[in-house]
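Subject: Structure for you, with notes

Hello,

Here is the structure I promised to pass on.

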Amino acid sequence: MAAPKEILKEALNLKAAEKAELIDKLLSSLHSPDKEIDELWAKEAESRIVAYEQGKIKAVTLNEVLEKYK
């Protein structure tokens, strides 16, 4: 197998569309669905919805969130 530096060197010589396709395939290969993690996120989302509906947490606007991190 070629070393990562060699692969990168070859990839940098590709045309823009070929690079985009390669990037898409590489990113897709990183995402392998994990049922346990998906279930945990679903449970977390449901608990946040319930907390919001019960008035335990409030919604904030996107601008408020962005201002916090400026």
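The chain has 4 helices and 0 strands. Along the sequence the pattern reads α-α-α-α. Bear in mind that this is a predicted model.

Overall form comes next. The radius of gyration is 21 Å, whereas a compact globule of 70 residues would have one near 11 Å. Along the principal axes, the C-alpha atoms fill a box of roughly 55 × 35 × 20 Å. Buried residues account for 3% of the 70 residues.

Now the charges. There are 12 positive and 14 negative side chains. The centres of these two sets lie 6 Å apart.

How many salt bridges does the count come to? The count comes to 3. I take them in sequence order.

Helix H2 spans residues 16–30. Lysine 25 and glutamate 21 form a salt bridge there, with 3.1 Å from N to O. The two residues are 4 apart in the helix, so about one helical turn separates them. Lysine 25 is exposed, at 51% relative accessible area. The cut-off for exposed is over 50%, so lysine 25 passes it with its 51%. Glutamate 21 has 45% relative accessibility and counts as partly exposed.

Helix H3 covers residues 35–53. Arginine 48 and glutamate 44 meet in a salt bridge, at 2.7 Å from N to O. Arginine 48 is partly exposed, with a relative accessible area of 47%. Glutamate 44 is also partly exposed, at 32%.

Lysine 70 and glutamate 67 make another salt bridge. The N to O distance is 3.2 Å. Lysine 70 is exposed, at 77% relative accessible area. Glutamate 67 is exposed as well, at 52%.

Next, the surface patches. Which residues form the negative patch? Asp34, Glu36, Asp38 and Glu39 do. Aspartate 34 lies in the loop between H2 and H3. Its relative accessible area is 34%, which puts aspartate 34 in the partly exposed class. Patch residues need over 30% relative accessible area, so aspartate 34 clears that cut-off at 34%.

There is a nonpolar patch too. Val60, Leu62, Val65, Leu66 and Tyr69 make it, and its area is about 510 Å². Where does valine 60 sit? Valine 60 is in the loop between H3 and helix H4. Helix H4 runs over 62–68. At 45% relative accessibility, valine 60 counts as partly exposed.

To recap the points I would look at in the viewer:

- The pair lysine 25 and glutamate 21, joined by a salt bridge.
- The pair arginine 48 and glutamate 44, joined by a salt bridge.
- The pair lysine 70 and glutamate 67, joined by a salt bridge.
- The negative patch of Asp34, Glu36, Asp38 and Glu39.
- The nonpolar patch of about 510 Å², which includes Val60 and Tyr69.

Best wishes

Terms used
Residues are numbered from 1 along each chain as its sequence is written. This is a predicted model: local features need pLDDT of at least 70, side-chain atom pairs count only at pLDDT 80 or more; totals for chains, interfaces and linings use all residues. Side-chain values use heavy atoms; hydrogens and water are left out. A salt bridge is a side-chain nitrogen of Lys or Arg within 4 Å of a carboxyl oxygen of Asp or Glu. Buried means under 20% relative accessible area, exposed over 50%, partly exposed in between (1.4 Å probe, protein chains only). Patches are made of residues with over 30% relative accessible area and no salt bridge: like charges are joined within 9 Å, nonpolar side chains (Val, Leu, Ile, Met, Phe, Trp, Tyr) within 5 Å. Accessible areas come from the Shrake-Rupley method with a 1.4 Å probe; for residues, only the protein chains shown count as cover. Lys and Arg count as positive and Asp and Glu as negative; His and the chain ends are not counted. The place of a charge is taken as NZ of Lys, CZ of Arg, CG of Asp or CD of Glu. The radius of gyration is taken over C-alpha atoms; the globule rule is 2.2 Å times the number of residues to the power 0.38.
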